[in-house]
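Please read this briefing with the structure open beside it.

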Amino acid sequence: MSGRLGSLTESRRRLLGVGVVAVLVLAIMPFVTTTYVQEILMTGMVFVILGVSWNLLAGYAGQISLGHAAFFGIGAYVTAWLTTPSGAGLPTAITMPG
């Protein structure tokens with residue numbers, strides 16, 4: 001076999017095929033699922049991005065970053081605070097829809 005694909009090993013071809021299929025599945029997902037499933041997938045993708053970035057920083061580069069945990073924790077705290085305004089002593093006009 002000649003060309004660019006001819007130089008790829010079998011495992012790289014398989015990985016490329018799985019990647020293409022994954023992208024196609026994610027591309028058609030909004031048309032065949034409900035809003036709830038889409039929200040779950042997007043939340044999962046946020047966790048995947050967080051995990052990959054942590055792996056790059058701590059795993060490959062050997063650097064310790066507390067920024068990931070700080071931003072993630074602050075975001076979770078503010079979200080919980082805004083979804084329960086009466087418990088935080090805030091006006092009910094700033095509640096998040098949900």
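The chain has 4 helices and 0 strands, in the order α-α-α-α along the sequence. Helices (H or I, at least four residues) and strands (E, at least two) are DSSP runs, numbered from the N terminus. This is a predicted model, in which local features need pLDDT of at least 70 and side-chain atom pairs count only at pLDDT 80 or more, while totals for chains, interfaces and linings use all residues. Residues are numbered from 1 along each chain as its sequence is written, and side-chain values use heavy atoms, with hydrogens and water left out.

**Confidence**

- The mean pLDDT of the chain is 81, and 79% of the residues score at least 70; pLDDT is the predictor's confidence in each residue, from 0 to 100.
- Helix H1 (residues 10–32) has the highest confidence, at 89, and helix H4 (residues 85–88) the lowest, at a mean of 64.
- Where pLDDT is low, the predicted coordinates should not be read in detail.

**Annotated regions**

- UniProt, in an unreviewed entry, places the feature "transmembrane region" at residues 15–34, 40–57 and 64–82. UniProt positions are given in the numbering used here, feature names are shortened, and annotations may be inferred rather than shown by experiment.
- Residues 15–34 are 90% helix and 0% strand, with 29 Å between the end C-alpha atoms.
- Residues 64–82 are 84% helix and 0% strand, with 30 Å between the end C-alpha atoms.

**Surface**

- Of the 98 residues in the chain, 3% are buried; buried means under 20% relative accessible area, exposed over 50%, and partly exposed in between (1.4 Å probe, protein chains only).
- The chain exposes about 8,100 Å², and carbon and sulfur atoms supply 72% of this area. Accessible areas come from the Shrake-Rupley method with a 1.4 Å probe, and for residues only the protein chains shown count as cover.
- A nonpolar surface patch covers about 1,100 Å², and its residues include Leu 26, Tyr 36, Met 42 and Tyr 60. Patches are made of residues with over 30% relative accessible area and no salt bridge: like charges are joined within 9 Å, nonpolar side chains (Val, Leu, Ile, Met, Phe, Trp, Tyr) within 5 Å.
- Helix H2 (residues 35–60) gives the most to this patch, with 10 residues.
- Met 42 is found in helix H2 and counts as exposed because its relative accessibility is 55%.

**Aromatic pair**

- The count comes to 1 aromatic pair. Phe 47 and Phe 72 form this edge-to-face pair, at 5.5 Å centre to centre and 65° between the planes.
- The pair links distant parts of the chain, since Phe 47 is in helix H2 and Phe 72 is in helix H3 (residues 67–83), 25 residues apart.
- Rings of Phe, Tyr and Trp (its six-membered ring) pair if their centres lie within 6.5 Å; planes under 30 degrees apart count as stacked, over 60 as edge-to-face and the rest as tilted.
- Phe 47 is partly exposed at 46% relative accessibility, and Phe 72 is partly exposed at 37%.

**Salt bridges**

- The structure holds 2 salt bridges, each a side-chain nitrogen of Lys or Arg within 4 Å of a carboxyl oxygen of Asp or Glu.
- Glu 10 bridges to Arg 13, with the closest N and O atoms 3.9 Å apart. Both residues lie in helix H1, 3 residues apart, about one turn of the helix.
- Arg 14 bridges to Glu 10, with the closest N and O atoms 3.8 Å apart. Salt bridges that share partners join Glu 10, Arg 13 and Arg 14 into one network.
- Arg 14 is exposed at 53% relative accessible area, whereas Glu 10 is partly exposed at 48%.
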